[in-house]
Amino acid sequence: HPPGFQMGENSGLRAANCRAKGGAPGFKVAILGAAGGIGQPLALLMKINPLVSVLHLYDVVNTPGVTADISHMDTSAVVRGFLGPQQLDNALSGMDLVIIPAGVPRKPGMTRDDLFKINAGIVKTLCEGVSRCCPNAIVNLISNPVNSTVPIAAEVFKKAGTYDPKRLLGVTMLDVVRANTFVAEVLGLDPREVDVPVVGGHAGVTILPLLSQVKPPSSFTPKEIDYLTDRIQNGGTEVVEAKAGTGSATLSMAYAAVKFADACLRGLRGDSGVIECAFVASPVTELPFFASKVRLGRTGAEEIYPLGPLNEYERAGLEKAKKELAASIEKGVSFIRK
Ligand code: NAD
Ligand code: LMR
């Protein structure tokens, strides 16, 4: 197995061999930023996922402890830890799915774009590793500002000659998770029965919930529409303020990340009808990237669905969203091209 570290090494190897012989479906998943606020609960939830056979935990700090801890869970995935840039390539070699929550989170008063300065470079370095070591992996990018980090990743992959737009997905699942929760509250339904498409991007006005397309079909008063749109667009800020300087959403994000990663793995396995919202290279607007529903398959985002009929409120929201998104995308692209 690749250098890095694994607790109870011999038994781990036996377990891995045993599963390989049994032919059980299992994917190799790496988490980059695995010791962080999102990374730790994400690692825990991925260790429970039966579609995962190998789980690599990479960070620049604290992975020995997190790896030892997670590896004691009696679920089947074999866990290996990797610490620091010298071990990045080993963490990434052979991976089917790479989930990236590495980077700094917001404090009260900051926008996601204020994180660009630090996180752009982190995402660049990690994506260069993906190009070198697992150019065919699906990438789930969580690090903010997603509206710029996805274009950064695309440019890094283009430069390396490994870019396949179907395999690069910005994670906007938390917006959908929040929208389902808040809409269910208003409608008095179980959130599991509610499906709210959220399109656009992942920051402020670029987060565009399509309340006219909620399932089950529902109507809202203008007051409810204002309340829900505002709460969904500012859900991240609600958590940042409540955490009062100690970080942003981590637990709901880990839940959302696993929901999305699981959908990607089911797609990779060949399941049909796996459809989720994600921020991808997209033909649905004149912008190069846009979030909308996509169908996940063996090769990533195999189909990108159009936005469907929008009402006047949503059309106005779309114009605002596109304006901000265009600037954020351009900022990401020129970070690499400059
Ligand atoms: P955190 O500070 O708790 O954890 C980040 C981790 O990244 C740390 O463990 C840190 O050591 C690690 N890291 C830093 N540089 C690294 C590098 N070069 N390589 C590997 N790891 C590195 O932050 P968090 O709360 O986990 O948030 C992480 C990111 O996710 C932030 O940018 C945040 O804004 C973003 N986020 C996105 C969404 C979304 O919906 N897409 C939701 C919540 C948070
Ligand atoms: C979120 O939506 O919770 C994340 O993007 C983190 C943040 O900064 O709000």
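**Figure 1. Burial and overall form of the predicted protein.** Of the 338 residues of the protein in this predicted model, 50% count as buried (at least 20 other C-beta atoms, placed from the backbone, within 10 Å of a residue's own; exposed means 12 or fewer, and partly exposed lies in between). The protein has 11 helices and 11 strands (DSSP runs numbered from the N terminus, helices being H or I of at least four residues and strands E of at least two). Its radius of gyration is 19 Å, close to the 20 Å of the globule rule for 338 residues, so the protein is as compact as a globular protein of that length (the radius is taken over C-alpha atoms, and the rule is 2.2 Å times the number of residues to the power 0.38). Along the principal axes, the C-alpha atoms fill a box of roughly 60 × 45 × 40 Å. Mean pLDDT, the predictor's confidence in each residue from 0 to 100, is 95 for the protein, and 93% of its residues reach 70 or more.

Residues are numbered from 1 along each chain as its sequence is written, while chains are lettered from A and ligands numbered from 1 in the order in which they are written. As the model is predicted, local features need pLDDT of at least 70 and side-chain atom pairs count only at pLDDT 80 or more, whereas totals for chains, interfaces and linings use all residues.

**Figure 2. Helix H5 and its covering elements.** Helix H5 covers residues 116–133, and its end C-alpha atoms are 25 Å apart, which agrees with the 26 Å that its 18 residues should span at 1.5 Å a residue (the expected span is 1.5 Å times one less than the number of residues). Buried residues of H5 include Phe-116, Ile-122, Leu-126 and Val-130. Among the elements that cover the buried residues of H5 are strand E1 (27–32), helix H6 (146–160) and helix H11 (312–337).

Figure 3. Among the residues around ligand 2 are Arg-106, Arg-112, Asn-144, His-202 and Ser-248 (C-beta atom, placed from the backbone, within 6 Å of the ligand). Helix H9 (residues 235–243) gives the largest share of this shell, four residues.

**Figure 4. The loop position of Met-73.** Met-73 lies in the loop between helix H3 (63–71) and strand E3 (78–83). This residue is partly exposed, with 13 other C-beta atoms within 10 Å. The C-alpha atoms of Met-73 and Leu-44 are separated by 8.6 Å, although the two residues are 29 apart along the chain.

Definitions and conventions:
Contact = placed C-beta atoms within 7 Å.
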